[in-house]
Amino acid sequence: MDKILRVNMTDLTTKLETVPTEWAGLGGRGLTSTIVAAEVPADCHPLGPNNKLVFAPGLLTGTAAANSGRLSAGAKSPLTGGIKESNAGGTAAQMLARLGIKALIIEGLPKADKWYNLHVNKDGVTIQEETELLGKGNFAVIEDLEARLGKKTGVLTIGPAGELKMTAANISVKDPDSKIRSHGRGGLGAVMGSKKIKYISIDDAGAPGIKIADPEKFKVAARTFAKALLDHPVSGEGLPTYGTNVLVNILNEAGGLPTRNFTVGQFEAHDKISGETMHDTIVARGGKPKHGCHAGCIIQCSQVYNDKDGKYVTSGFEYETIWGLGADCCIDNLDDIARADNLMDDIGIDSIETAVMFGVAMEAGILPFGDSKEMLRLLTEEIGKGTPLGRILGGGAGSVGKAYGVTRVPVVKNQGIPAYDPRSVKGIGITYATSTMGADHTSGYTIATNILNVGGYVDPLKKDGQVELSRNLQIATAAVDSTGMCIFIAFPALDIPECLPALIDMINARFGINLTGDDVTNLGKHILKVEHQFNIEAGFTNKHDRLPEFFKTEPVAPHNAVWDFTDAEIDEFWNF
Amino acid sequence: MHITVKLFATFRNGRFKVAQQEHPDGTDCRKIVLELGLTEEEIGIILVNSRHATLDHLLQDGDTLALFPLVGGG
């Protein structure tokens with residue numbers, strides 16, 4: 001039977017609850033956002049006693065459905081001040097799902113100045129005091145827990161950034177190779193740090209597993225779904241070969257690759273940091289060009305990147321990180337970017353927020369553009385150690401912009417804008433502006449249709465159709481984020497007619513229900529509205545659905561495009 | 001006329017990254033694609049001078065043509 005695990009850090013008690021009927025049909029983002037909206041006062045301090053940290057596997061997580069192993073984490077975000085859901089791969093989601101745990105809710109703050117860990121197993125969850133691993137990086141935590149509790153142990157952990165409650169801190173999840181995937185965005189690591197939980201270990205021995213209501217129907221649908229993923233050129237060939245970093249060259253060519261803190265749309269040294277170069281480098285050095293972030297992933301967009309001596313440097317090395325430190329900070333050395341990626345994983349800090357932050361820090365004169373050695377030092381010596389400068393940097397792009405009086409600060413709702421310039425890829429600008437999460441490319445990935453010719457084509461340089469495109473994708477994404485599916489299933493789902501019905505069939509077969517396509521769309525709409533309402537109650541208005549001023553006033557080369565949407569045009573987004 | 005042709009991802013295998021080519025006036029993208037031994041079906045994205053274009057697009061002297069298979073990421 002599915003259950004809710006509730007942990008109260010104020011009185012150090014735990015409870016096993018049955019799932020309320022109204023939560024039964026929800027999973028992943030749908031569930032974390034519903035719980036946060038229902039139980040967290042929107043005006044609370046995100047690091048105070050009234051915020052809650054919620055983990056939820058998706059509706060299909062733990063089943064044999066391909067690419068269904070994502071875990072959602074939700075809370076009020078200390079970075080944006082609004083609702084937050086951030087999902088990640090790794091092994092924890094499938095373990096929690098097999099244990100029958102629909103959600104883990106952590107509430108309250110400890111009274112004593114002590115740190116704790118949580119241990120989840122088939123009997124529930126226990127709270128223990130933690131002393132040994134405080135101050136340690138995430139890799140050391142995982143290594144220690146595997147030595148203590150066994151190789152199979154699932155781990156959710158924070159690094160020094162989370163302990164120090166930096167607003168760019170993430171929550172790390174152990175992956176199938178004992179490395180790290182992250183709930184990156186929105187500072188959820190600081191929320192976990194505020195509750196003084198260093199890590200959560202998971203043991204799924206004796207787990208009841210997942211019951212499928214109609215196994216035969218599930219098997220047929222799962223096969224159709226997996227075939228669609230493998231048949232589509234993006235999920236079946238491009239992503240497994242080059243990783244997400246295949247995007248550097250195409251965004252550069254299209255003039256939408258934000259460079260030198262969003263002042264130009266093309267980076268001269270793009271080829272040095274491109275997916276093509278990265279692929280050849282990995283193969284030459286004996287790394288792995290293909291790697292899954294969770295068991296059952298058949299896209300395998302991740303990889304293992306080695307140094308020139310063939311020694312491991314990092315994995316899960318993503319386009320966003322490479323763009324941010326590469327083009328946006330003008331660093332043309334992939335090895336240094338890989339080292340920074342590994343450091344950010346260990347410190348436990350969002351690699352998108354931190355990369356955007358470094359672009360602003362370079363503009364502020366804290367370090368020169370392109371200075372990778374100083375960037376590595378700042379990560380290790382300042383952010384990792386929590387010096388006063390390190391805390392400003394660890395607060396993300398907005399924090400540095402404020403502290404140093406920078407006016408070109410690419411954030412929405414204080415969250416760093418990712419790897420696509422909204423002036424030359426206008427659809428993604430609508431997503432950045434309106435997303436309930438703050439600037440977030442994954443919440444409505446218009447790049448598919450604006451740049452990649454997936455799901456049709458909408459001219460990236462024109463305003464026509466962008467609001468509708470972003471809206472439709474944000475609705476669909478909210479629903480997909482509730483299934484536990486990797487967002488990259490959207491590529492085949494947009495182009496291959498059998499893909500989405502097969503996904504719905506799997507949900508129906510899993511639960512013995514009869515959802516239709518319309519039900520799924522309505523679920524997506526409902527989630528967005530719940531999140532939007534939370535943000536309104538937290539103090540956001542339509543004036544927060546705006547891009548920074550400089551996008552309107554500074555044309556970006558090569559297209560010399562500006563952000564030219566009127567307020568009324570943007571506000572049309574919420575008209576559904 | 002003079003055209004710069006750029007190839008990306010799998011299109012580079014056994015070909016090139018960037019080449020300078022001479023073509024007669026009135027050459028469209030399709031002709032260059034076929035001359036490269038690529039098929040129309042393989043082409044995911046065509047950019048001419050950083051703008052999206054179709055196979056029928058007529059090239060002008062000095063244009064840069066970039067060809068990609070369907071790719072994606074995040």
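**Notebook: a pocket and a sheet**

I started with the largest pocket, which has a volume of about 550 Å³ (the space filled by probe spheres set on grid points joined across faces, edges and corners). A pocket here is an open set of points on a 1 Å grid over the protein atoms alone, where a 1.4 Å probe fits, with protein on both sides within 12 Å along at least five of seven lines; lining residues have an atom within 4 Å of a point. Of its 28 lining residues, A476(A), A479(A), V480(A), L500(A) and V520(A) are the closest to the centre.

A note on the source: this is a predicted model, where local features need pLDDT of at least 70, while totals for linings use all residues. Residues are numbered from 1 along each chain as its sequence is written.

Six strands of chain A form an open, mixed sheet in the order β2-β1-β6-β3-β4-β5 (two strands pair if DSSP finds at least two bridges between them). β2 (13-18) and β5 (83-88) of chain A each have a single partner strand, so one side of each lacks a neighbour in the sheet.

I also looked at one pair: β3 (residues 52-57) and β6 (residues 101-107) of chain A run antiparallel over four bridges. In that pair, K52(A) stands opposite E107(A) in β6(A).

Terms used
Chains are lettered from A and ligands numbered from 1 in the order in which they are written. This is a predicted model: local features need pLDDT of at least 70, side-chain atom pairs count only at pLDDT 80 or more; totals for chains, interfaces and linings use all residues. Side-chain values use heavy atoms; hydrogens and water are left out. Helices (H or I, at least four residues) and strands (E, at least two) are DSSP runs, numbered from the N terminus.
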